[in-house]
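Thank you all for coming; I would like to take a few minutes to walk through one model with you. Please have a look at it first, and then I will go through some of its contacts.

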Amino acid sequence: MDLLHLILATLAFLGGFVLAVVSWRRESDRPHGLNIPLAVAGLVFQTLFLHERGQLHGRCPITNGGEVLVFVCWSIVILYLALGRAFRLSLLGVFTMPIVFLLQLFAIVYLVLADPGARPPTRLDPWLELHAAMSLLAYGAFALAGIAGVMYLVQDRQLKSHRPSRLFYSMPPIRYLSTALVRLLSIGTALLSIGIVASFFMDVRPAALHLFVSSAVWLVYALLLVVHAWKRLPPKRLAFSAIASFAFALAALAAL
Amino acid sequence: MSPVSIFCLGVNHKTAPVELRERLAISEHSVPGHLGEICGLDGVEEAVVLSTCNRVEIYGGAGDPMAALDRLVAYLESHFAVAPGEVEFYRHADAAAALHLFEVASGLDSMVLGETEIFGQVKKAYALAQSTGTTARRMNKLFQQSFSVGKLVRSGTSIQQGSTSVGSAAVDLAEKIFGRLDGCRVMIIGAGEMSRITAQSLLSRGARSIIVSNRSYDKAQELAAELKGEAVRFDDWENKLDEIDIVISSTAAPHAVVHAAAIRRVMERRRGHSLFLIDIAVPRDIEEEVNGIDNVYLYNIDQLQQIANEGKARRERQIAICRELIAGFLREKGIEALAALPDGRGGEPGRNHPDPSGRPLTHP
């Protein structure tokens with residue numbers, strides 16, 4: 001049943017992506033009317049999947065690679081729905097949906113081929129759960145910041161080229177994108193900070209490599225924000241930095 | 001129920017030059033009087049007058065639309081100093097009349113394809129006729145449906161989107177850079193007509209303040225007063241640039257007046273804020289290298305015109321989609337104003353939709 005919910009969520013995101021492309025091909029500036037309902041439907045199925053996996057393990061469902069991917073996707077979608085609309089980043093869906101679809105496709109393949117099954121904890125540690133959940137939510141925010149960075153660079157290039165394509169009219173203003181970038185980086189860094197602080201209260205101290213990698217990711221984002229607050233980085237440089245930082249964070253996650 | 005049919009008679013920007021349209025134009029305050037007289041014509045039972053700068057149209061209900069249209073033409077010729085035969089009015093009856101109104105309300109028949117003002121004008125014309133008491137079931141149904149179709153077309157297509165003029169292209173680009181223009185500050189360098197028009201477009205979309213600089217300070221003051229802005233001396237404009245978001249330059253100088261070096265200095269002080277430069281002058285006022293500076297976006301008159309041309313083409317490509325939507329609407333709902341005509345011209349949904357060619361009784 002849990003896998004069925006994950007498949008339904010993945011299909012909803014695929015549908016959202018297809019509709020966004022259809023809207024774009026029809027030269028509509030607005031996203032398709034079903035885009036948001038599909039994202040919400042996808043979120044509901046993701047949540048059901050995570051709930052069922054949580055019930056299976058008796059703890060936060062991030063016990064294997066597939067679940068981690070779904071959890072990151074869940075945080076991306078929830079942040080997109082909660083923040084994307086507020087920042088008028090409606091087209092973020094066009095960029096978000098394929099990424100979420102692909103990541104979840106990997107998760108499905110992983111769970112079909114190598115699902116390790118239930119992994120109940122010997123003893124439930126709420127600090128460990130908090131650490132893991134906050135860290136992955138932070139990754140969701142960093143992923144969205146990276147996507148907003150890509151959108152900023154695309155929009156900047158379109159404006160500089162003097163030949164804006166159809167995509168240009170569907171994209172948000174670059175000022176909103178740079179504002180969203182800073183907010184998403186701040187949210188992600190704050191969530192990661194909570195995750196790292198929580199790790200100090202865990203029953204079992206994290207491995208040195210785990211601590212080092214998490215701290216390195218936190219340091220990269222914290223430094224980026226400090227430099228931006230101090231020097232006011234040009235938005236283009238900030239966009240590049242958000243993309244590069246997320247690539248680094250992803251590599252760090254893979255290393256763990 | 002009497003076998004009342006609906007009709008439309010009119011001229012628009014495609015069929016009559018402005019000299020004729022202005023003679024036929026019916027001012028808002030005189031519409032009720034004319035509506036009363038039109039409804040007094042033999043056989044005419046309902047009437048709505050739509051008079052805008054691009055069209056004068058009369059919609060109505062009559063037992064015999066052909067005879068009513070002839071009487072209406074005679075009425076217009078006698079009341080508006082038009083010689084018989086001088087104006088070739090288009091005439092539509094029944095489904096073709098309804099389809100014409102639906103296309104008008106959707107902006108498909110407008111000079112600027114997809115413009116939204118016409119929708120409000122149609123609503124106003126109907127409200128005026130309704131308050132005058134010259135509408136009944138047919139016109140009420142017809143106009144209510146035209147509002148539904150207008151909304152459907154606007155929400156279901158991109159017909160009203162994209163720039164169609166240099167001014168609107170500049171405004172659309174500004175909105176893609178800054179988002180809402182509320183609070184954006186605009187500087188005009190050179191008090192030309194195009195600068196004034198572009199600045200007015202920006203002000204109408206919420207731009208906050210205007211600074212005008214011109215070699216002739218008197219002219220700068222004159223334009224600043226008109227735009228409720230501030231005039232600055234020509235050798236002082238660079239010092240004001242730190243606070244500006246959008247610059248419109250249109251001087252008659254034979255050489256560049258805005259140099260890349262000056263913009264680089266300004267951008268160092270702006271802490272990441274974008275700057276949008278619109279160069280309408282020929283020869284150009286702003287050095288091309290400026291566009292290479294981070295966060296600075298420079299557009300000249302040709303580039304804006306190109307965007308406007310693409311916007312027009314884009315709207316034209318939407319026409320087929322709009323017509324599909326209207327046809328779908330008519331297949332589903334039919335034309336309610338023609339419903340239950342005893343001779344079978346109306347009836348159930350799907351039966352009374354017009355010939356897709358929309359062929360009128362006379363030309364367009």
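Predicted model: local features only at pLDDT ≥ 70, side-chain atom pairs only at ≥ 80, totals over all residues.

Among contacts in chain B between residues at least 6 apart in sequence, 70% join residues at least 24 apart, where two residues are in contact if their C-beta atoms, placed from the backbone, lie within 7 Å. Residues are numbered from 1 along each chain as its sequence is written, and chains are lettered from A and ligands numbered from 1 in the order in which they are written.

Staying with chain B, its C-alpha trace spans about 80 × 40 × 30 Å along its principal axes, and the chain holds 12 helices and 10 strands, these being DSSP runs numbered from the N terminus (helices H or I, at least four residues; strands E, at least two). Of its 364 residues, 48% count as buried, that is, with 20 or more other C-beta atoms within 10 Å of their own, as against 12 or fewer for exposed and in between for partly exposed.

Turning to where the chains meet, 19 residues of chain A are in contact with 22 residues of chain B. On the chain A side, helix H5 (126-161), helix H6 (166-170), H7 and helix H9 (235-255) each supply at least two residues, and H7(A) gives the most, with 3 residues. By class, this side of chain A has 10 nonpolar, 2 polar and 7 charged residues, where Ala, Val, Leu, Ile, Met, Phe, Trp, Tyr, Cys and Pro count as nonpolar, Asp, Glu, Lys and Arg as charged, and the others, Gly among them, as polar.

H7(A) also packs within its own chain: the axes of H7 (residues 174-199) and H8 (residues 208-231) of chain A come within 10 Å and cross at roughly 140 degrees, with axes fitted to C-alpha atoms over the stretch in contact and angles running from 0 to 180 degrees between N-to-C directions. The contact is made by residues including Leu185(A), Gly188(A) and Leu192(A) of H7(A) and Trp218(A), Tyr221(A) and Leu225(A) of H8(A), and by class it has 10 nonpolar, 7 polar and no charged residues.

Finally, which residues does Leu153(A) contact, leaving aside its neighbours within four places in sequence? Leu153(A), found in helix H5 of chain A, is in contact with Lys236(A) and Ala239(A).
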